[in-house]
Amino acid sequence: MQPEPAEQKPVALALQGGGMHGAFTWGVLDRLLEDGRLAVEGVSATSAGAMNGAVLAYGLLQGGSDGAREALHEFWLAIARSALRYNPLRWFPWLKGSHTLGLNHSPLYAMADIALRILSPYQFNPNNLNPLREVLGTQVDFAALREHCPIQLYVCATNIETGRIRIFPPEELSIDAVLASACVPTLFQAVSIDGQYYWDGGFVGNPAIFPLIYHCHTRDVVIVHINPIVRRGVPTTAAEILNRVNEVSFNSSLMREMRAIAFVTSLIRQGKLDGKEMKEVWIHSIRSDETMAALGVSTKYNADWGFLCYLRDQGREEAGRWLEQHYDSVGQRSSIDISGEFL
């Protein structure tokens, strides 16, 4: 067990969603917790990010940083074991261990991809079975989190009827809230909460930054990216085009919030806004567009344990580089050029 530093820097984390690519975020969190120099004050998260956020919070509640690292490991191991029983898109034996091919070229993936464009989850899954419910239920005590959540945790979902964002605060955390945040509409039936129906939060906030600005004291927001912002070259196949459309769509809400943050920051620095009333937010970014862009679209459904560990290791490496290069910026300034990166 590594002792906690005498003084930690508080940060808020913004965790993107992206299916099984969320194992990259697992690696980032594992490395940050292992380092021990940052204290997580709040988390805003979507989809797979919401699962990571809930498990992180419960692990912190149960056993601090070490407990959180163990909880994240056990959660992703449970995902891999569940996939062995339920996931029809699991890797063929002859593809196992290849992290970049994905299942794009297999007959199984091609047939499933076509089927999902013809049949809805109300047709191919009328009983509304969701293996993620079982995994979350065994890994996280949501009643305990609602009562004693150790961080400010906010989970984002999309209200289907209004198209508006719904943010679930710590006191409203539940399995349904997390499943709503991760409800890909082509795979799962809409999640009903208090008479309202929800889809994946990535459509309107991937992740939402504003809850961290409103509810956390820290100015530092560390965004952990899953969807590549930059992908070189023009996609030409149907799968490549749809994948890039998905990436652009799921990054668009983040881009809009970054534009607003850059605008407010500019006004504060020009003295046109009172910096005491409107705090300047310092943005940090942990991402590897190169790693994520190299992965086939179908790998978002690949829950093979070896692949998840590969992504975890990539996340750990990227977080390690960020700590080495930008730790000193925390508490002082943004470590990225917001305008250059996002606008």
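A residue counts as buried when its relative accessible area is under 20%. In this predicted model, Ser47 has a relative accessibility of 7%, so Ser47 is buried. Ser47 sits in the loop between strand E2 (38-46) and helix H2 (48-86). Its phi is positive, at about 55°, although Ser47 is not a glycine. Most residues other than glycine have a negative phi, and most peptide bonds are trans.

Asp194 also has a positive phi of about 55°, and Asp194 is not a glycine. This residue lies in the loop between strand E5 (191-193) and E6. Is Asp194 buried or exposed? Asp194 is exposed, with a relative accessible area of 71%. The peptide bond between Asn206 and Pro207 is cis. Its omega is about -10°. Pro207 is found in the loop between E6 and H8.

Aromatic rings were examined next. A pair of aromatic rings is described by the distance of the centres and the angle of the planes. The model holds seven aromatic pairs. One of them joins Phe168 and Tyr198, with 5.8 Å between centres and 70° between planes. The arrangement is edge-to-face. Phe168 belongs to strand E4 (residues 165-168), and Tyr198 belongs to strand E6 (residues 196-200). The two are 30 residues apart, and their pair links distant parts of the chain. Phe168 is buried, at 2% relative accessible area. Tyr198 is buried too, at 2%.

Phe210 and Tyr214 form a tilted pair. Their centres lie 5.8 Å apart, and the angle between the planes is 55°. Both residues are in helix H8 (residues 210-215). They are four residues apart, so about one helical turn separates them. Phe210 is partly exposed, at 27% relative accessibility. Tyr214 is exposed, at 62%. Elsewhere, ring pairs link Trp26, Phe75, Trp76 and Trp305 into a cluster.

Charged side chains were considered as well. Which residues lie over the face of Tyr327? Lys9 lies over this ring face, at 4.2 Å from the ring centre. Arg37 also lies over the face of Tyr327, at 4.0 Å from the ring centre.

Leaving aside neighbours within four places in sequence, Ser334 is in contact with Val281, Trp282, Ile283 and His284. A polar atom of the Ser334 side chain lies 2.8 Å from the backbone nitrogen of Ile283.

Technical notes:
Residues are numbered from 1 along each chain as its sequence is written. This is a predicted model: local features need pLDDT of at least 70, side-chain atom pairs count only at pLDDT 80 or more; totals for chains, interfaces and linings use all residues. Side-chain values use heavy atoms; hydrogens and water are left out. A polar contact is a pair of N or O atoms within 3.5 Å; within protein, one must be able to donate a hydrogen and the other to accept it, and residues adjacent in sequence count only if both atoms are side-chain atoms. Contact means heavy atoms within 4.5 Å. Rings of Phe, Tyr and Trp (its six-membered ring) pair if their centres lie within 6.5 Å; planes under 30 degrees apart count as stacked, over 60 as edge-to-face and the rest as tilted. Buried means under 20% relative accessible area, exposed over 50%, partly exposed in between (1.4 Å probe, protein chains only). A charge sits over a ring if NZ of Lys or CZ of Arg is within 6 Å of the ring centre and within 35 degrees of the ring normal.
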